[in-house]
Amino acid sequence: MEQPENVTTLYHYTDFGALDGILSNAELRLNNVLNMNDASEMTLFMSSLCKAVVERFQNDGDLIRARWTEKLFAAEKEKEFIYSAYAACFSCFRDDAAQWERYANHGRGVCMAFRYDLLKKMAVEPLSLQTVFYRDDVGEHELVEIIYRLIRRHKAPWDTSPAIRAALNHAWAASAAFKHPSFQSEKEVRLVVSPFEQGFFNVQPKYHISNERIKKYYPVDLQKLCQIADTQMENVITELIVGPESTQSVPILQDYLRDMGYEKLAEKVTHSACPLRQKM
């Protein structure tokens with residue numbers, strides 16, 4: 001996906017526990033998209049992608065390939081949990097009320113600023129930095145043309161083609177960056193991995209256990225990614241914003257950062273100017 005227009009910084013809204021995990025362990029958690037509030041979007045994307053490719057073949061009068069496409073995607077959708085992607089979510093908006101409310105403990109958390117260009121360099125396969133695609137109809141998505149051309153070029157059975165298999169794997173990863181248009185105001189970008197490609201993603205999953213449930217996630221070693229991008233953590237994370245409803249002391253947070261070795265970041269801590277107020 002292309003870089004969002006005029007965007008140089010991405011913002012990760014989270015709580016202070018996650019902040020400590022990112023900074024103390026140099027670890028970014030990629031959570032299962034199926035556990036997110038928009039989990040159904042993955043299957044919706046695959047269904048819509050299938051429909052768009054099938055319509056291309058129907059318009060060509062190629063009903064054989066149209067039916068095979070339907071069968072191909074029907075088999076894929078049965079593998080939803082196996083093929084589920086994992087992602088870390090970012091917004092293009094700084095100090096945004098909706099982001100604070102939805103993703104940062106109702107405004108009591110923190111917002112971390114990340115340089116887009118360095119994240120892009122760090123997102124080497126199988127990681128990808130994907131701009132979220134907000135549409136009811138995915139007919140204009142680049143994958144429609146890619147899968148259509150691959151199926152048209154190859155002979156049956158198409159499910160045995162390595163190129164088509166790779167395209168379908170890519171489609172599952174792309175489905176993690178697809179959301180209903182009602183979320184368009186978030187202007188979201190996601191760091192995505194599809195761990196079903198185990199040959200390329202040699203990272204063991206971890207589990208976060210709360211009072212309510214157990215969540216599976218994949219840790220990403222930020223220090224290793226910084227080496228790939230030939231940079232340091234303090235160049236990647238450029239600012240911390242304390243949430244509008246947080247009682248966190250800025251000076252204490254700065255002391256914490258200095259004791260952790262983040263001297264430059266300690267000078268880039270501010271408090272939100274967002275007039276978010278909790279309902280009484």
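Select Lys 71 and Trp 68: Lys 71 lies over the face of Trp 68, at 5.8 Å from the ring centre. A charge sits over a ring if NZ of Lys or CZ of Arg is within 6 Å of the ring centre and within 35 degrees of the ring normal. This is a predicted model, in which local features need pLDDT of at least 70 and side-chain atom pairs count only at pLDDT 80 or more, while totals for chains, interfaces and linings use all residues. Residues are numbered from 1 along each chain as its sequence is written, and side-chain values use heavy atoms, with hydrogens and water left out.

Next, select Arg 29 and Tyr 217. Arg 29 lies over the face of Tyr 217, at 4.3 Å from the ring centre.

Now go to helix α6, residues 142-153. Helices (H or I, at least four residues) and strands (E, at least two) are DSSP runs, numbered from the N terminus. The expected span of a helix is 1.5 Å times one less than its number of residues.

Within α6, select Leu 143, Val 144, Ile 147, Tyr 148, Leu 150 and Ile 151, which are buried. They cover an arc of only 165° around the axis, which puts them on the same side of α6; the arc is that of the directions from the helix axis to the C-beta atoms. Buried means under 20% relative accessible area, exposed over 50%, partly exposed in between (1.4 Å probe, protein chains only). The buried residues of α6 pack against α2 (41-60), α3 (63-77) and α7 (162-175), where contact means heavy atoms within 4.5 Å.

Aromatic pairs come next. The whole structure has four of them. Rings of Phe, Tyr and Trp (its six-membered ring) pair if their centres lie within 6.5 Å; planes under 30 degrees apart count as stacked, over 60 as edge-to-face and the rest as tilted. Select Phe 57 and Tyr 148, a tilted pair with 4.9 Å centre to centre and 45° between the planes. Phe 57 lies in helix α2 and Tyr 148 in helix α6, so the pair ties together parts that are 91 residues apart in sequence. Phe 57 is buried at 0% relative accessibility, and Tyr 148 is buried at 4%.

Finally, select two loop residues. His 106, in the loop between α4 (97-103) and β4 (110-115), has a positive phi of about 55° although it is not a glycine. At 37% relative accessibility, His 106 counts as partly exposed.
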